[in-house]
Structure formats: C-alpha cells, structure tokens
Amino acid sequence: MSKPAVNPFMESEFTKYFDVSKVMEMPKAFQDMKMPNGFGMENMMEAQRKNMQACVAATQMAMEGMQQMMRRQSESMRQSMKECSGMMNEIMSAGTPEEKFMRQAEMTKSMVDRAMICCKEIGEMSTQSQYDSMQVMSKRMSEWVDEMRSMCSRGVCSASASSKMPANK
C-alpha cells in the first residue's frame with residue numbers, strides 16, 4: 001500500500017529557518033531611526049487620503065465609462081435585432097430568388113458596416129474612459145512629487161535631519 005501524499009511545506013520546522021527570538025529585537029533596530037521633520041504621521045495620512053480620493057475618482061470614471069459602453073452595446077443590439085426582423089420580412093416579400101439573394105446581400109453589407117461603426121464608437125469610448133482615469137492618477141502622482149519637493153525645499157529634508165537616518169547601501 002502506498003503512502004498518502006504529504007505537503008512538504010507543512011512538514012517543515014520553520015524555527016530552523018527563522019529565529020523567533022530575533023523578532024522581539026526588531027523594534028530596537030528601528031528605535032534610533034528618526035524620520036525627518038515634516039514626514040510625520042499627519043502628513044503621511046493626508047497624502048494617503050489624497051491618494052485614496054484619486055483612486056476612488058479614477059475608479060468611478062472607469063465604471064461610468066463601462067456603463068456608457070454597455071448602454072451603447074445594448075442600444076446597438078436592440079437596433080440590430082429590429083433591423084434584422086425588418087430585413088427578414090423584406091427579403092421574404094421579394095419576388096424571385098435572385099432578388100431575395102441580392103436584397104439579403106445588400107442588407108447584410110449595411111448591417112456589417114453599422115456594426116463596424118458601433119465597434120469603433122465603443123472602442124473610442126473605452127480609450128477615452130481609460131485616458132480620463134489615468135489622467136486623474138497621473139495628476140495625483142504629480143501633486144505628490146510636488147508635495148515632496150515642497151517639504152524638502154522648506155528644510156524638512158535638510159542634511160541635519162537626513163543625517164539621522166541610516167545610509168542606504
């Protein structure tokens with residue numbers, strides 16, 4: 001009889017890879033690290049609040065764009081079904097089989113042309129919606145960079161404050 005399959009990750013003894021006693025020393029490692037003035041919790045929270053507002057606005061724009069595209073697709077489908085029904089009645093009322101064939105070919109071409117125009121419109125709606133959403137995010141990113149520059153120009157990121165931080169290697 002074969003042994004049942006086992007998950008090798010559940011069999012591991014994690015303590016041999018990770019010294020749990022060192023976890024309690026982590027706060028001591030960060031104790032001497034000082035944040036430059038101006039990078040306090042209030043400023044960080046305000047920046048994150050603005051970031052979240054931008055994300056909400058961008059998402060809302062994207063959803064509105066999607067709803068607009070769905071309405072246009074629904075309208076196009078409704079119109080196509082109506083035209084198809086009328087086309088079938090018109091084809092059936094045509095005289096000879098040749099006339100029916102010619103009428104069907106003309107109507108099919110017309111419907112395909114309208115469908116391609118609709119696809120183009122929906123594609124343009126999608127592009128515009130995505131562009132508008134990305135503009136909101138891009139604007140916020142520019143504002144954030146300006147905020148950081150402003151803090152640094154006010155001396156928030158001065159050499160004395162940054163000298164308290166450990167150097168990155």
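This is a predicted model: local features need pLDDT of at least 70, side-chain atom pairs count only at pLDDT 80 or more; totals for chains, interfaces and linings use all residues.
**Exercise 1. The length of helix H4**

**Exercise 2. Confidence along the chain**

Determine which element of the protein chain has the highest mean pLDDT and which has the lowest.

*Solution.* Begin with the chain as a whole, which averages a pLDDT of 79, with 69% of the residues scoring at least 70. Then turn to the elements: H4 has the highest mean pLDDT, at 90, whereas helix H5, covering residues 159-162, has the lowest, at 44. Over residues 158-169 the pLDDT is below 50, and this stretch makes nine contacts in the model beyond near neighbours in sequence.

**Exercise 3. Arg 140 in its surroundings**

Decide whether Arg 140 is buried or exposed, and find which residues beyond four places in sequence are in contact with Arg 140.

*Solution.* Second, apply the cut-off, by which buried means under 20% relative accessible area; because Arg 140 has a value of 5%, it is buried. The buried residues of H4 also include Ser 133, Met 148 and Met 151. Third, list the contacts, leaving aside neighbours within four places in sequence: Arg 140 touches Ala 47, Lys 50, Asn 51, Ala 54 and Glu 147.

**Exercise 4. Met 63 and Ser 133**

Classify Met 63 by its relative accessible area, and state how far apart the C-alpha atoms of Met 63 and Ser 133 are.

*Solution.* Met 63 belongs to helix H3, residues 41-93. Its relative accessible area is 41%, so Met 63 is partly exposed. Ser 133, by contrast, is among the buried residues of H4. Although Met 63 and Ser 133 are 70 residues apart along the chain, their C-alpha atoms are separated by 9.7 Å.

**Exercise 5. The whole chain**

Describe the protein chain by its secondary structure, its contacts and its surface.

*Solution.* Start with the elements, which are five helices and zero strands. For contacts between residues at least 6 apart in sequence, 80% join residues at least 24 apart. Finally, 14% of the 169 residues count as buried, and the chain exposes about 13,900 Å², of which carbon and sulfur atoms supply 62%.

Note on methods
Residues are numbered from 1 along each chain as its sequence is written. Side-chain values use heavy atoms; hydrogens and water are left out. Buried means under 20% relative accessible area, exposed over 50%, partly exposed in between (1.4 Å probe, protein chains only). Contact means heavy atoms within 4.5 Å. Helices (H or I, at least four residues) and strands (E, at least two) are DSSP runs, numbered from the N terminus. Accessible areas come from the Shrake-Rupley method with a 1.4 Å probe; for residues, only the protein chains shown count as cover. pLDDT is the predictor's confidence in each residue, from 0 to 100.
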